[in-house]
Amino acid sequence: RGERGAPRDTDIDDATLVARVRTGDGAAFEVLYDRHHGPLFRTALAMTRKRPVAEELLQEAFLRAYRHIGRVRLDEGASLRPWLHRILINLVYDRSARKRPVSGPLEAVIDRLACRAPSPERNAERREAARVVAESIAALPDNHRAVVVLFYLHDMDVSAIAQTLGVPAGTIKSRLFYARARLREALGADSRITTEIPVAEVVRHALS
């Protein structure tokens with residue numbers, strides 16, 4: 001399409017796409033959706049542990065983004081994803097305030113960890129570790145769970161999480177410290193887990 005060497009829509013930066021959306025360009029918003037919906041869905045699923053709920057929250061997040069796109073001011077080359085993540089996570093907070101989601105089944109998480117086990121004993125231990133960590137993440141306060149998801153699932157650093165959630169970096173550090181302490185405590189309290197398994201390893205598998 002277009003002249004030789006002309007940039008494709010998928011090559012255009014978010015700031016330009018946002019500007020186009022403001023002029024009524026629906027195709028530009030579709031590009032933004034295609035670019036960012038995958039990571040946002042993984043966040044929603046990791047926080048709610050229910051696929052239908054995650055899909056509903058994802059759609060509502062993009063609907064709100066479209067309605068309020070006029071508020072966005074992006075520098076050239078900047079990503080829209082932090083803003084989208086903030087919308088999504090606020091929706092999770094709102095839903096949780098109305099009704100605390102019930103923990104979903106852990107079989108998929110447990111099976112993923114089990115298939116990596118080098119022995120039946122290690123297999124059983126990792127299954128138990130997965131169960132403990134998944135339940136502990138679900139029991140965290142929403143704002144702490146959001147930090148865990150962004151840090152371990154999306155490999156975001158403290159400053160990026162602070163920008164996404166709109167809170168000071170020091171607050172993010174304290175929430176991450178608290179969450180890690182809770183997860184380590186939960187793993188250490190289970191007598192069936194005799195081998196020290198890195199929290200980061202188990203959390204990343206549990207959220208993936």
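The model is predicted. The chain has ten helices and zero strands, so its elements, read from the N terminus, run α-α-α-α-α-α-α-α-α-α. Of its 208 residues, 46% count as buried. Among contacts between residues at least 6 apart in sequence, 68% join residues at least 24 apart.

**Helix 4 on its own**

- Helix 4 covers residues 81-98, and its 18 residues reach 26 Å from the first C-alpha to the last.
- That reach is close to the 26 Å expected at 1.5 Å a residue.
- Several of its residues are buried, including Pro82, Leu84, His85, Ile87 and Leu88.
- Further along helix 4, Ile89, Leu91, Val92, Arg95 and Ser96 are buried too.
- The partners that these buried residues pack against are helix 2 (26-48), helix 3, helix 7 and helix 8 (158-165).

**Where helix 3 meets helix 4**

- Helix 3 takes in residues 51-67, and its axis comes within 9 Å of the axis of helix 4, with a crossing at roughly 125°.
- Because of that angle, helix 3 is oblique to helix 4.
- The crossing of the two helices is right-handed.
- From helix 3, the residues taking part in the contact are Val53, Leu57, Leu58, Glu60, Ala61, Phe62, Arg64 and Ala65.
- From helix 4, they are Trp83, Leu84, Ile87, Leu88, Leu91, Val92, Asp94 and Arg95.
- Sorted by kind, the residues of this contact are twelve nonpolar, no polar and four charged.

**A look at His144**

- His144 sits in helix 7, which spans residues 142-153.
- With a relative accessible area of 14%, His144 falls under the 20% cut-off and therefore counts as buried.
- Setting aside neighbours within four places in sequence, His144 is in contact with Arg175 and Tyr178.

**A look at Ala200**

- Ala200 belongs to helix 10, made up of residues 199-207.
- Its relative accessibility is 25%, so Ala200 counts as partly exposed.
- Ala200 and Leu183 are separated by 17 residues in sequence, and their C-alpha atoms are 9.8 Å apart in space.

How values were computed
Residues numbered from 1 in each chain as written. Predicted model: local features only at pLDDT ≥ 70, side-chain atom pairs only at ≥ 80, totals over all residues. Heavy atoms only, no water. Axes fitted to C-alpha atoms, helices over the stretch in contact; angles between N-to-C directions. Helix = DSSP H or I, 4+ residues; strand = E, 2+ residues; numbered from the N terminus. Parallel < 35°, antiparallel > 145°, perpendicular 65-115°, else oblique. Left-handed = near helix turned anticlockwise from the far one by under 90°. Contact = heavy atoms within 4.5 Å. Nonpolar A, V, L, I, M, F, W, Y, C, P; charged D, E, K, R; others polar. Buried < 20%, exposed > 50% of the residue type's maximum accessible area, 1.4 Å probe, protein only. Expected span 1.5 Å × (residues − 1).
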